[in-house]
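User: I am new to this structure and would like a close look at a single part of it, the packing between its helices. Please take me through it step by step.

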Amino acid sequence: LNSYIAKAPWKIFEVMHWLGQGRAKLKAELAKRVPLDPAALPYRSQIIDWLTDQKATGRQLILATASDLLPATGVSAHLGLFDEVLASNGDVNLKGQNKADALVKKYGHGGFDYVGDSAADLQVWRHANIGHVVSDHTSLPESVKNVCKLGLVFPGNGNQLLALMKALRPHQWLKNILIFIPILAAHRYTDQSIILQAILAFITFIGCASSVYILNDLIDIPSDRHHERKRRRPLASGDLSIFLGWALWPVLGALSFYIAFTCLPPQFTATLSVYFTLTLAYSFRFKKIEIFDAIILAALYTLRVIAGGAATGIPLSFWILAFSVFIFLSLAFVKRFNEISAARRRGDILTLPGRGYRAGDLEVV
């Protein structure tokens with residue numbers, strides 16, 4: 001669903017139409033339209049290792065999932081652990097009671113052990129011999145104890161607050177210090193009212209930028225999972241809920257514009273609007289256009305300097321703007337050079353995941 005909407009947000013109406021026909025129908029339609037690479041998915045190594053050991057003892061393993069049969073079959077083939085796949089089929093959503101009924105029909109009450117990770121699985125655990133739980137909280141294992149024999153408890157997604165902070169990319173907030181450049185250039189750093197305006201602008205840009213960072217990570221999940229470093233990002237790695245990401249980014253963006261509109265000059269709000277629009281355009285389209293993507297990155301950095309002038313009322317000289325454009329353009333090309341160079345060392349010759357560059361573009365950059 002995330003990949004389908006990220007590519008074409010207007011298709012949300014099509015998604016709502018399928019959802020009106022049932023969750024199973026929605027999953028089947030999405031599975032047909034969005035290819036899934038099982039090798040790139042984030043797997044819990046501890047569980048995979050345990051399942052491998054169970055398989056070695058001769059136990060039969062069944063992948064019983066609420067996902068559609070098409071991606072579930074792909075995951076099963078990739079892992080090579082499961083003897084059979086039970087999944088949603090377009091008519092029946094194999095979740096909760098439906099999954100419990102399917103397993104009881106096949107193995108009988110108490111004839112199977114079950115590994116689950118949500119409250120919806122309690123309906124399955126009621127009929128299981130042993131219930132294994134994937135969770136970071138004690139409440140779910142305690143609930144399982146009330147319906148069946150509790151087995152192993154595997155760790156879940158870890159600290160969600162820490163994953164959320166990581167998704168906000170606080171290390172990137174330093175870029176917004178560029179807002180203070182006009183104050184330094186004009187030697188107005190002792191003017192408390194101007195400093196306060198700049199601090200408000202700084203906070204606003206943090207919220208706006210983090211909003212777009214989260215949206216960008218949501219859009220880039222498929223390509224990030226193929227990237228050596230970016231696959232460890234909270235959303236790509238599964239450490240942070242995709243649903244939470246979609247709920248959070250518009251809230252952060254709306255809060256940023258509220259502060260800008262109520263506390264800062266209209267010129268700053270206009271600059272913030274340009275920055276937000278250009279960043280969205282970059283996330284959806286421009287980052288896939290070689291060379292032009294670096295120009296957009298330089299423009300986004302320069303807009304921070306312009307925003308600092310708009311927030312404080314300090315006029316910017318031609319020389320500051322000219323220097324900003326060219327130094328940031330150089331830095332953008334250095335960033336792309338490093339990425340392409342790393343791809344060439346790995347032996348990649350195709351287009352970089354999520355980008356428009358090939359390893360052969362190194363000399364041009």
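Analyst: A residue counts as buried when its relative accessible area is under 20%, and as exposed when that value is over 50%. The model discussed here is predicted. Tyrosine 282 has 8% relative accessibility, so it counts as buried.

Helix α15 covers residues 266–284, and helix α11 covers residues 192–219. The axes of these two helices come within 10 Å of each other and cross at roughly 15°. Because angles under 35 degrees count as roughly parallel, α11 is described as roughly parallel to α15. The crossing of α11 with α15 is right-handed.

Which residues of α11 and α15 make the contact? On the α11 side they are Ala201, Thr204, Phe205, Cys208, Ala209, Ser211, Val212, Leu215, Asn216 and Ile219. On the α15 side they are Phe268, Leu272, Tyr275, Phe276, Thr279, Leu280, Ser283 and Phe284. Sorted by class, this contact between α11 and α15 holds 13 nonpolar residues, five polar ones and no charged ones.

Serine 210 also belongs to helix α11. With a relative accessibility of 2%, serine 210 counts as buried. Leaving aside residues up to four places away in sequence, serine 210 touches Leu168, Trp173 and Leu252.

The C-alpha atom of tyrosine 282 is separated by 8.4 Å from that of leucine 297, and the two residues are 15 apart along the chain. Leu297 is one of the α16 residues that meet α17.

Helix α16 takes in residues 292–312 and helix α17 takes in residues 318–346. Their axes are 8 Å apart, and the helices pack at an angle of about 140°. That angle makes α16 oblique to α17. The crossing of α16 with α17 is right-handed.

From α16, the residues in this contact are Asp293, Ala294, Ile295, Leu297, Ala298, Tyr301, Thr302, Val305 and Ile306. From α17, they are Ile320, Leu321, Ser324, Val325, Phe328, Leu329, Ala332, Phe333 and Arg336. By class, the contact of α16 with α17 has 14 nonpolar, two polar and two charged residues.

The protein has 17 helices and five strands. Of its 365 residues, 44% count as buried. Among the contacts with a separation of 6 or more, 52% come from residues 24 or more positions apart. The C-alpha atoms fill a box of roughly 80 × 45 × 40 Å along the principal axes. The protein exposes about 19100 Å², and carbon and sulfur atoms supply 63% of that area.

Note on methods
Residues numbered from 1 in each chain as written. Predicted model: local features only at pLDDT ≥ 70, side-chain atom pairs only at ≥ 80, totals over all residues. Heavy atoms only, no water. Axes fitted to C-alpha atoms, helices over the stretch in contact; angles between N-to-C directions. Helix = DSSP H or I, 4+ residues; strand = E, 2+ residues; numbered from the N terminus. Parallel < 35°, antiparallel > 145°, perpendicular 65-115°, else oblique. Left-handed = near helix turned anticlockwise from the far one by under 90°. Contact = heavy atoms within 4.5 Å. Nonpolar A, V, L, I, M, F, W, Y, C, P; charged D, E, K, R; others polar. Buried < 20%, exposed > 50% of the residue type's maximum accessible area, 1.4 Å probe, protein only. Areas by Shrake-Rupley, 256 points an atom, 1.4 Å probe, with all protein chains shown as cover.
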